[in-house]
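Welcome, and please open the model in your viewer. We will take a short walk through it, one selection at a time.

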Amino acid sequence: MQHKATGLKFLEGTVLEVTFQDGRVRRYDIAVLFDRYPQLRELEDRELFLSGTLMGDYGIIWNDELDLETEIIYEDGETPHKKKPAARRAAAPAGKGSAPGASVSAESASGAPASAAAAAAVAAARSRSGMSQKQLSAATGIDQADISRIERGLANPAVSTLERIARALGGQLTIGILFPENE
């Protein structure tokens, strides 16, 4: 079930406070996502951070390249009486899955699901190419919102979708199956 956001406040640093239709108010520090989604580091710029707006009822958008679904805040944020927002979603460490053309296995070396490794690989490759999500959308025919969901690990893209993205970014998709070494 998606929870509709009705209000947005910007607090200190990179902390957001979102009010939802069911009356809940949740705080969330998006800095916990910086390792997993390096493009979000741009939001350390206070002026850019404060320019965010609710996008419909379900997301916050800063520009063509930066957005965040409010469901993450609903699920992982904390109620305002607590001092620091929690982050149950672990940031995926940079590794093999974060470079264009890197292998993606069913589970990364850190134990993260393949969708997280694919998300990190797509986000890093797009960032490295200098392409915005909007430009990648135009080059692939994939909706910008879908590209955003892929980069945040909220979608399970088909191999053909990942191939289209890789080609549009000037790379190639490589998928590998890794076996543990026998001792």
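A word on the model before we zoom in. It is a predicted model, in which local features need pLDDT of at least 70 and side-chain atom pairs count only at pLDDT 80 or more, while totals for chains, interfaces and linings use all residues. Residues are numbered from 1 along each chain as its sequence is written, and side-chain values use heavy atoms, with hydrogens and water left out.

Stop 1: Of the 183 residues of the protein chain, 41% count as buried; buried means under 20% relative accessible area, exposed over 50%, and partly exposed in between (1.4 Å probe, protein chains only). In soluble globular proteins, nonpolar side chains tend to be buried together. Now select Leu 16, Ile 30, Leu 40, Leu 43, Trp 62, Leu 68 and Ile 73, the residues with the most contacts inside the largest nonpolar core, which has 20 residues. Such a core is a set of buried Ala, Val, Leu, Ile, Met, Phe, Trp, Tyr and Cys residues joined through side-chain atoms within 4.5 Å. β2 (15–20), α1 (46–50) and α2 (70–76) each supply at least two residues of this core.

Keep Leu 16 selected. Not counting residues up to four places away in sequence, Leu 16 touches residues including Phe 10, Tyr 28, Phe 49 and Ile 60; contact means heavy atoms within 4.5 Å.

**Stop 2: a loop.** Where is Arg 41? Look in the loop between β3 (25–29) and α1. Because its relative accessibility is 38%, Arg 41 counts as partly exposed. Leaving aside neighbours within four places in sequence, Arg 41 is in contact with Phe 34 and Asp 35.

**Stop 3: two helices.** Select α4 (residues 133–140) and α6 (residues 159–168), which pack at an angle of about 110°, with their axes 9 Å apart. That makes α4 roughly perpendicular to α6, a label for angles of 65 to 115 degrees. Axes are lines fitted to C-alpha atoms, for helices over the stretch in contact, and angles run from 0 to 180 degrees between N-to-C directions. Finally, show the side chains where they meet: Leu 136, Ala 139 and Thr 140 of α4, and Arg 164, Ile 165 and Ala 168 of α6.

Definitions and conventions:
Helix = DSSP H or I, 4+ residues; strand = E, 2+ residues; numbered from the N terminus. Parallel < 35°, antiparallel > 145°, perpendicular 65-115°, else oblique.
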